[in-house]
Each structure stands twice: as C-alpha cells, then as structure tokens.
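Have the picture open while you read, and look for each spot as it comes up.

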Amino acid sequence: MGWLLALPFLWPITIGLLAFVARRQPHLSRGLSMAGCAGLLLIAVSIFMQALDQGPVAAQMGNWPAPFGITLVVDRLSAIMLLLAALVGLSVAVFALADVDQHRETLGFHGFYQLLLAGVCGSFVTGDLFNLYVWFEVMLIASFALLVLGGEREQLDGGVKYVALNLVSTLFMLMAIGMIYGLTGTLNMAALHLALAEVDQPAAIHMLAVLLIIAFGIKAALFPLYFWLPASYHVPPVAVTAVFAGLLTKVGVYALIRTFTVIFPPDFGFARELLLVAALATMLSGVLGAAAHYEFRRILAFHIVSQIGFLVLGLALFSPLALAGTVFYMAHNIVAKTNLLLISGTAKRMAGSFELLKIGGLYRASPLLATVFFIAAFSLAGFPPLSGFWAKLMLVNASLQQAAYWVAAIALVTGALTLFSMSKIWSEAFWKPHPQSTENTDASSGLNALPRAERFQRMAPAIVLVAITLALGLFPQPLVEFSQAAADELLDPSGYIRAVLSPAAR
C-alpha cells in the first residue's frame, strides 16, 4: 500500500523530469504529459476504490513508525481530492494541446505542469505539517514558472504579485510550524490531535490557529487575503488559469479542513467564528467583484474567490450536513469552474477578446459551446436541478438547522448575484450579435472558425466535464452519501488517527 500512496506524486515527478529532458521535442513532451495524466487518473481511481472499501489507510515511508517517519494517509476526503485533481489534470492537458504555443512547450511547460500536479497530489496524501509545507513550495515553484512562462510584461507583473503574497503565506506557515513543534515536539497530524489536547496554553493555541488561518487563507484566497488572485490569474494561457482555478485554491481549503478537523479539538469555537466571518466576507466581496467587471476571465477569477467562501462556510458551521455540503460543493465546483475557464479560452480563440463588449455571436457560431457554457455557468449559480443547486441547498439547510438565518440569507444573495454575472456573460458573449456584424451579415460574422483537430482538443474536455456536472445534478444521491461518509470521518477522526499511529501502517 505504501508505494501506491506515494505514486500520486512520484509518478508526475518522473514524467515531469522526462518531459523537461524532451522539451525541445514538442511531440514527445506532449505524449509524455498525456501519458502521465492518464496514468495519474488510473492511480487516483485505484486509491479512491481502496479508501472507499477500507476507510482511512496509511503508510510510513522507509518503515519508520509515526510520528518519526514520513506519513502518507488517505481518507475519503483526500481520495476524492486526488481523483478530482487527476481528472482536472487530464482535461486541462488535452486542452493545452491547442492552447499552449510551441515556444512555451520548449521552455518546459509540460515538465512544470507535471510538477504542479505532483505538488497538489503530495499535499492531499501527506500526513504531517512539514511535508505539507514542502508540497506547498513545490506548487509555488511550478505555478510561478507556469505563470511567467513566455516572459510577457503582463505575466511578469502578475507573477510578482502572485509570488510575493504566497511567500507571505510561507512565512506564516513556517512560524506556525516552529511554534507547534516547540509546544508538542511533533508535526504528525494524527499525533498532534493527541498532543495538542494536552497543551494547557490557550493563548498559544489561539495564536497557532490565527497563524494557520492566515497561511492557508492566503493559499485559499480568503477575504481579505485574496487580492493576489484576480491580479494574476488573467495573465497566463487559459490552460494554466484553468488548472489554477480548479486546484490551487482548493488545496488551501483542504489544508484548512484537515487542520481544523484533525489537529485542533472539535470544540475549538474560536477558529470557527473567524472562519465564518471570513467565509461570508469572501462570498460577498468575490461575487460583487465579478458583478462589477466586464471581462470574461476576470469575472470567473472573482467567482473563484466567491466560491471559496461557500467551501469554508461548511467548515465554519461544523455540522455533519455542513461538512458534507463542503465535500459535495468541492466536487461540483472543481469540475464546473475548470470547465468555465476552458470555455472562456475557446470563446476568446473564436472571438479574439475576453472583453464582453468586443465579442458576441458565439451561440450562432457554436451552439455546442453555448450549451456547454449554459450548463456549467448555471450550475455554478445553483440553478436546479444542476449540481450547484444541491451543494448550495446542503449548506443553506445546514445554516437553517443552526438558526443562522443571516448566513443562509447571504448565501442566497451570493447565489443570486452569481446568476446575474453568468447571465451577463451569456447575453453579451453568446446571445447578442458580434459587434462586427451588420444588418447584411450573419450575427456571428467576425468570429474565427476552428480547425477540426483544434476544435476536438478544446471541446472534448469541456464536454466530458459538463457531462459530469449533469450527472452530479441529475443523480446526486451517490455523491451525497459519499459526502456524508466523508463528513463523518472528519467529525470523528479516530479512524484516521488509528490508521496513522497503528504499528500495521508500514
């Protein structure tokens, strides 16, 4: 089992190194990247099935027992995160065949892409805080390289903002790690659950919680720490923005969930109050930013922020239904958000701009693209019976169960404003005629036609992802039941702790 748990990061690292070596042979590096992503999906499916069958499973690298060795552990939450990461990795890799130019490929795009996937997957399987920090740094290096690859002025400007604020996150995380090791003598998450309960220093515990919320809050793009995201996500190729949107901020949310369900005691109300305020402010400020913009990709960037608020809301409410809602929302959002970014890239390729006032006629030119956008966008807005509706319904019901009526009201207002933003994109980019069309020409005049091979590379991932969105919306029960089981594991981490600290975990 140990090697299987290590494969989600060892495999993409190996493929990434080979892709670097072959970077001057674009066809070979593309083939390696595709094979790597397909292999990662098979590995993730295998781990998911084992976690589903056995519950939390753990392994110690080098047979050093916890808490002294390097612990790898997977429960239902990390198993579905691995699966989603592999799905997004493969979908974006196919899209990148059409979206990323050969110059960037020779600079090592495919190698850095695999390194990014290794960092994401490593974060999901690690069982200790220090290795979580290591994987965060791997992600930061790879994402910064992908962001500035090509060296355009706008990319460098966005890259500097991105890396500067993420280095602040690193600083806070290192401070928290040093402090927590000084208090307990361990960084193993399962061991910390037991050790931190024995620490009788409330002020130090509260300070630790604040440091970790800031560190992971920057990664997750929580209010008021999210300004790096809309300042940087619109500058790289769309394939890069799509994988960032689908995975990077979600790793920050995952770290918050893991920290405040396994490491800190379940009755730690101080952190939940902080997270509740941050979640609601993130939802509102993100959706208002999206409503104010008229640029396709910037609107979606602000919606990434807004949706992070929903994910953290379930952790803040901390009930079985709320945590199940967060797990369901995570699956829905990763699929829908990645897809919307991919669609925006195809729309820009056809219309020549992300500016809504400069484009139009996409419905007439490509009804398939319009249909895929409609389903993904209205799912994000929570339109019934799409997947976003069930995710929001679970979180709103969880709020009402705790008599937090104002929380439910803010969630509903955010959903309504999301619908407004998505309707704006639909009416401007898809429904209205293209600005260059006239009374004597077709409404889609001025749009670029896509060659057959490029159309397949751009549309195939979008169709697969929207099919998953439809399946989650029309048949939500299996994911609801899975999310409830994952929430039970998070609320009672004894199974996770036993799996890690048991002598059998070798």
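Start with F318, which counts as buried because its relative accessibility is 13%, and buried means under 20%. Keep in mind as you look around that this is a predicted model. F318 sits in the loop between helix 13 (296-317) and helix 14.

You'll find A403 in the loop between helix 17 and helix 18 (405-431). Is A403 buried, exposed or partly exposed? With a relative accessible area of 44%, A403 is partly exposed.

While you're looking at loops, check out two cis peptide bonds. One joins F223 and P224, with omega about 0°, and P224 belongs to the loop between helix 9 and helix 10 (228-232). Another cis peptide bond links P384 to P385, again with omega about 0°. P385 has its place in the loop between helix 16 (367-380) and helix 17 (387-401).

Now for some helix packing. Two packed helices are described by the angle between their axes and the distance between the axes. Here are two pairs to compare:

| Helix pair | Axis distance | Angle |
|---|---|---|
| Helix 9 (residues 202-220) and helix 11 (residues 238-263) | within 7 Å | roughly 160° |
| Helix 14 (residues 320-351) and helix 19 (residues 452-474) | 9 Å | about 150° |

Take helix 14 and helix 19, whose axes are 9 Å apart and pack at about 150°. An angle over 145 degrees counts as roughly antiparallel, so helix 14 is roughly antiparallel to helix 19. Their crossing is left-handed. On the helix 14 side, the residues in contact include F328, H332, V335 and R349, while helix 19 brings E454, R458, M459 and L472, among others. Sorted by class, this contact has 12 nonpolar, 6 polar and 3 charged residues.

What about helix 9 and helix 11? Their axes cross at roughly 160°, so these helices are also roughly antiparallel to each other. The crossing of helix 9 and helix 11 is left-handed. Helix 9 meets its partner through A209, L212, I213, F216, K219 and A220. Facing them from helix 11 are L248, T249, G252, V253, A255, L256, T259 and F260. The residues of this contact divide into 10 nonpolar, 3 polar and 1 charged.

There are strands to look at as well. Strand 1 (residues 57-61) and strand 2 run antiparallel, joined by 5 bridges. Within that pairing, A58 stands opposite V73 of strand 2. Why is strand 2 (residues 70-74) described as largely enclosed by the rest of the structure? Because 4 of its 5 residues are buried.

For a last stop, find L83 in helix 3 (residues 76-99). L83 is partly exposed, with a relative accessible area of 23%. Leaving aside residues up to four places away in sequence, L83 touches L41, A44, V45 and F48.

Technical notes: Residues numbered from 1 in each chain as written. Predicted model: local features only at pLDDT ≥ 70, side-chain atom pairs only at ≥ 80, totals over all residues. Heavy atoms only, no water. Buried < 20%, exposed > 50% of the residue type's maximum accessible area, 1.4 Å probe, protein only. Pairing = 2+ DSSP bridges. Axes fitted to C-alpha atoms, helices over the stretch in contact; angles between N-to-C directions. Parallel < 35°, antiparallel > 145°, perpendicular 65-115°, else oblique. Left-handed = near helix turned anticlockwise from the far one by under 90°. Contact = heavy atoms within 4.5 Å. Nonpolar A, V, L, I, M, F, W, Y, C, P; charged D, E, K, R; others polar.
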